[in-house]
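Visitor: Hello! Could you show me how to read the spaces in a protein model and what sits in them?
Guide: Gladly. Let us bring up the sequence and structure and take them step by step.

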Amino acid sequence: MSSEEHGDQLDQNLATNRELHVAEHTVMGAEPGAMHPSPRAATLLQHSPYQPPPGFDAVQPATHRASTVLFANVAAMRARDWRRKTGYTYGLHGTPTTFTLEARLAEIEGAKHALLCPSGLSAIALVNLALLQQGDAVMLPTNVYNPSRDMAEKLLSGWGIALQVYDPMDLAATHAAITPRTRLLWLEAPGSVTMEMPDLRALVAMARQHGLVTALDNTWGAGLAIKPFALDVDISMQALTKYQSGGADMLMGAVLTRDDALHDKLLDAHMRLGFGVSGDDASLVLRGLHSLHLRYHAHDQAARCVATWLQSRPEVQALLHPAFPGSPGHAHWVRDCSAAAGLFSFTFQPQITAARVEACVDALRLFKIGYSWGGPVSLAVPYDVAAMRGASWAYASPLVRLSIGLEDPLDLIADLDHAMQVLLD
Ligand SMILES: Cc1ncc(COP(=O)(O)O)c(C=O)c1O
């Protein structure tokens, strides 16, 4: 092809492209001509002039996916303030989808600010990294979510941040453990695995007296059963991975506050650590929130039904469920909580060996073996608490933690009943 022919061919292609382009957008109802008149296909694929008509509304907010956020001009780019949610600067700093989720989480808990993190554990890390410096000390309860303790022992300690482990059920000892270095008091209600419900009011008052910041891991409360800000807690952290998502298919965390200065510190650290979340994951949680209230109460009712049955069984030594009299801190649950999650533990009689307990868990059919909780399928996990806690743990036999899902509780009871037969063999 001569260069003249080549030029003609190019012109022809461009004309065809243009016609297609104009035709396409005329069909779709957009005004053509917003672009340079003759973009080539590769350009056109990146820069469509089509703008959907305004006015679309739906029950679910749109899923915005963005790393790059576009500005109308340089002045607009320079003027944009990423710290205030008045506009958008970069995907990490938020999109309409993540801002909507943050706002909804804050509304539920009565917070002013919320920050999303890629997991519950990263939300814990955000609080630690934002508030602690070399020379400081952080207090964690003995029954804390174990990876949180691991973070303090294996990471924070290497940066000169001391860990002080306190018994959340012993106020006098906790008080005595506070030192001038202590900056942050982590609370968990109830404690992971062993389910003690602490006296949050007394612990928060003590922390105030010593100028400590308080942070509650409120994953169990899911923003519904416990209102941390009504209890004067400074920071509420939640693993949205559990009840808020509800599907056992994603990971996310949130850090909520009412105090502007505290939020700004967390926000700075959030930006510096790059703790953004994807629009798709935020959409999953937004969808889960619609049924959160119903699901949470269904989990609660079913768990109490299963727990009541377990309590009547001769193989069971102790039921660890804060809504049941006799469970540690039950009076605090009555005073401070409006509901309970579908999570609880129980111990077997001391003569039942660990091997038998494991065989019993293996014999379950509806209950699956797996970590996490708050999902639709019930889960069972045996824990050797004595190995985790040492001599302070009162029970000789292993503990089993159950996360009650959305199955019919009578079927779950039948499953447990059947599995417990192996204890008789
Ligand atoms: C009490 C508690 N806090 C935090 C987390 C961490 O959440 P994630 O799994 O999203 O990191 C968990 C997870 O099991 C948990 O049980």
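Visitor: Which atom of leucine 121 lies 2.8 Å from an oxygen atom of the ligand?
Guide: A polar contact is a pair of N or O atoms within 3.5 Å; within protein, one must be able to donate a hydrogen and the other to accept it, and residues adjacent in sequence count only if both atoms are side-chain atoms. Here a backbone N or O atom of leucine 121 is 2.8 Å from a ligand oxygen atom. Glycine 120 also has a backbone N or O atom, 2.7 Å from an oxygen atom of the ligand. For aspartate 217, a polar side-chain atom lies 2.6 Å from a nitrogen atom of the ligand. The protein covers 91% of the 390 Å² of accessible area that the ligand has on its own (Shrake-Rupley method, 1.4 Å probe).

Visitor: Before we go on, how should I treat the numbers?
Guide: This is a predicted model, in which local features need pLDDT of at least 70, side-chain atom pairs count only at pLDDT 80 or more, and totals for chains, interfaces and linings use all residues. Residues are numbered from 1 along each chain as its sequence is written, and side-chain values use heavy atoms, with hydrogens and water left out.

Visitor: How many residues surround the ligand?
Guide: A residue counts as near if one of its heavy atoms lies within 4 Å of the molecule. The ligand has 13 such residues around it, and the closest are Gly120, Leu121, Asp217, Thr241 and Lys242. By class, this shell holds five nonpolar, five polar and three charged residues. Ala, Val, Leu, Ile, Met, Phe, Trp, Tyr, Cys and Pro count as nonpolar, Asp, Glu, Lys and Arg as charged, and the others, Gly among them, as polar.

Visitor: Which pocket is the space taken by the ligand?
Guide: On a 1 Å grid over the protein atoms alone, a cavity is a set of points where a 1.4 Å probe fits but cannot get out, and a pocket is an open set with protein on both sides within 12 Å along at least five of seven lines; lining residues have an atom within 4 Å of a point. A molecule sits in one if more than half of its atoms lie within 2 Å of its grid points. The ligand's space is the largest pocket, with a volume of about 630 Å³. A volume is the space filled by probe spheres set on the points, which are joined across faces, edges and corners. Its lining has 36 residues, and Tyr145, Asn146, Pro147, Ser192 and Arg401 lie nearest the centre. That lining counts 19 nonpolar, 11 polar and six charged residues.

Visitor: How many cavities of 30 Å³ or more does a search of the whole structure find?
Guide: The search finds three. The largest cavity has a volume of about 170 Å³. It has 18 lining residues, and Leu92, His93, Gly94, Glu102 and His270 are the closest to its centre. The second largest cavity holds about 50 Å³ of space. Its lining is made up of 10 nonpolar residues, with no polar and no charged ones; Phe346, Phe348 and Met420 are among them.

Visitor: Where is the place of proline 190?
Guide: Helices (H or I, at least four residues) and strands (E, at least two) are DSSP runs, numbered from the N terminus. Proline 190 is in the loop between β4 (182-188) and α8 (200-209). The peptide bond from alanine 189 to proline 190 is cis, with omega near -10°. Valine 193 is also found in the loop between β4 and α8, and has a positive phi of about 75° although it is not a glycine.
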